[in-house]
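Please keep the sequence and the structure in view while reading.

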Amino acid sequence: MRAAAASYLFAEFVVASSLRPLSMILPLAVAGSLFAGIAVASVASAAETMAVNEKIIVAHRGASAYLPEHTLESKALAYNMGVAYLEQDLAMTRDNKLVVIHDHYLDRVTDVADKFPDRARADGRYYVIDFDLDEIKSLNFTEGFNLVEGKRVQVYPKRFPMFASTFKIHTFEEEIEFIQGLNKTMGKDIGLYVETKAPWFHKQEGKDISRATLEVLKKYGYTSRESNVLFQTFDYPDLKYVKDTLMPELGVDLKTVILITGNDSHETYELKDGKWEPYDFNYLLNPDNFAEISKYADGMGPAYNMLFDLEKTTKDHIVVNDLVKNAHAHGMVVHPYTVRADALPEYATDVNELYQAILIDADADGVFTDFPDLGVAFLQKYQAEHSK
């Protein structure tokens, strides 16, 4: 069993549990000497089932394997698949609106280059921050693509076809109202999993995306650790600013998650001696730093391959490391990203093997996935098979 501190913090992350508290099951173990062996086995089985029951599936950009990412249609589909949380990635417009989009630029998922051909920066990107909300809402939102020799090539060719049907970018406020409306009509309490995209970039542009995000969350009633929302970011320096300055100033106290990637991604920059330098994510992977990190983060969101010893892992034999164990020892949950059934690592033969390795073998507390239906189905099947 994991440390008491981790169990307590994890309880705050769970939307609901259909099982009885473990304290109601434990007395069975001492019900009588004749049945002691059976009772102990039953308790162990029930405890294992409860632990699995508490694990969560996060809809990564909605049901993004089936509909274009971050569209309200994708969120509605994921909502109906039985997930615990829907993810929102946020970027700021020129007129200070928060829109739900994965990148802080527009050209990977819209027709911005067609409608505003002269608005790209020197690097060829069309940044959200250079457009007003009305301009962004005029764009057509589509399945993600790359430019190859000047032509749009869909990243995942078997997913929803590019520019088929009509989808639009929406604001953070609109998505919150959409989810809260579904919670009311469906009688559920599905949570928000909010990521501020590149806070360091927004700071360079004179905008405080984290403050704006917290202000919107507060407006809609997300103010305490009991609120069904998780605030995540790759920007650890900004997370410290959020926890030390913004949350106390705004009178909110939300659960937080630090995202982790490799240094080759250049995902985050930090200001050092007046210069913006790439952030060293190795700090967040060193267990010697977990006590400090846990002061700012209730959870960690690493890439899922960081849960495995890749030097020892082979096809059909995935070897886990101690990342989750060490995080739990410091009271942090772990929600890795991103499982895609159509983009499996070479060491996994199918998506269920990958879910098994992440959620069961490595004991992660949840996982982000483009295929939320498959994640929910895996956990349901596992619970059914291990509750007998």
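## One face of a helix

In helix α4 (residues 72-79), Ser74, Lys75, Ala78 and Tyr79 are buried. Here, buried means under 20% relative accessible area, exposed means over 50%, and partly exposed lies in between (1.4 Å probe, protein chains only). Helices (H or I, at least four residues) and strands (E, at least two) are DSSP runs, numbered from the N terminus. Viewed down the axis of α4, the buried residues fall within an arc of 135°, so they line one face of the helix; the arc is that of the directions from the helix axis to the C-beta atoms. As background, an α-helix has 3.6 residues a turn, so residues three or four places apart point the same way. The buried residues of α4 pack against β1 (56-59), β2 (85-92), β3 (98-100), α7 (172-186) and α15 (372-386).

## Basis of the model

The model is predicted: local features need pLDDT of at least 70, side-chain atom pairs count only at pLDDT 80 or more, and totals for chains, interfaces and linings use all residues. Residues are numbered from 1 along each chain as its sequence is written, and side-chain values use heavy atoms, with hydrogens and water left out.

## Aromatic pairs

Rings of Phe, Tyr and Trp (its six-membered ring) pair if their centres lie within 6.5 Å; planes under 30 degrees apart count as stacked, over 60 as edge-to-face and the rest as tilted. By this rule the count comes to 19 aromatic pairs. In one of them, the ring centres of phenylalanine 234 and phenylalanine 281 are 6.4 Å apart and the planes stand at 85°, so the pair is edge-to-face. This pair links distant parts of the chain, 47 residues apart: phenylalanine 234 is in the loop between β7 (229-233) and α10 (236-250), and phenylalanine 281 is in the loop between β10 (275-278) and α11 (282-285).

Both phenylalanine 234 and phenylalanine 281 are buried. Phenylalanine 281 also forms an edge-to-face pair with tyrosine 279, at 5.2 Å centre to centre and 90° between the planes. Tyrosine 279 is buried, with a relative accessible area of 7%. Ring pairs link Phe234, Tyr236, Tyr279, Phe281, Tyr283, Tyr296 and Tyr337 into a cluster.

## Salt bridges

A salt bridge is a side-chain nitrogen of Lys or Arg within 4 Å of a carboxyl oxygen of Asp or Glu. By this rule the count comes to 25 salt bridges. Glutamate 135 forms one with arginine 94, the closest N and O atoms being 3.5 Å apart. The partners are 41 residues apart, with glutamate 135 in helix α6 and arginine 94 in the loop between β2 and β3. Glutamate 135 counts as buried at 19% relative accessibility, whereas arginine 94 is partly exposed at 40%.

Which residue forms a salt bridge with lysine 203? The partner is aspartate 238, and the closest N and O atoms are 2.8 Å apart. Lysine 203 lies in helix α8 (residues 199-204) and aspartate 238 in helix α10, so the pair ties together parts that are 35 residues apart in sequence. Lysine 203 counts as partly exposed at 35% relative accessibility, while aspartate 238 counts as buried at 0%. Salt bridges that share partners also join Arg61, Glu69, Asp103 and Arg108 into one network.

Note on methods. Contact = heavy atoms within 4.5 Å.
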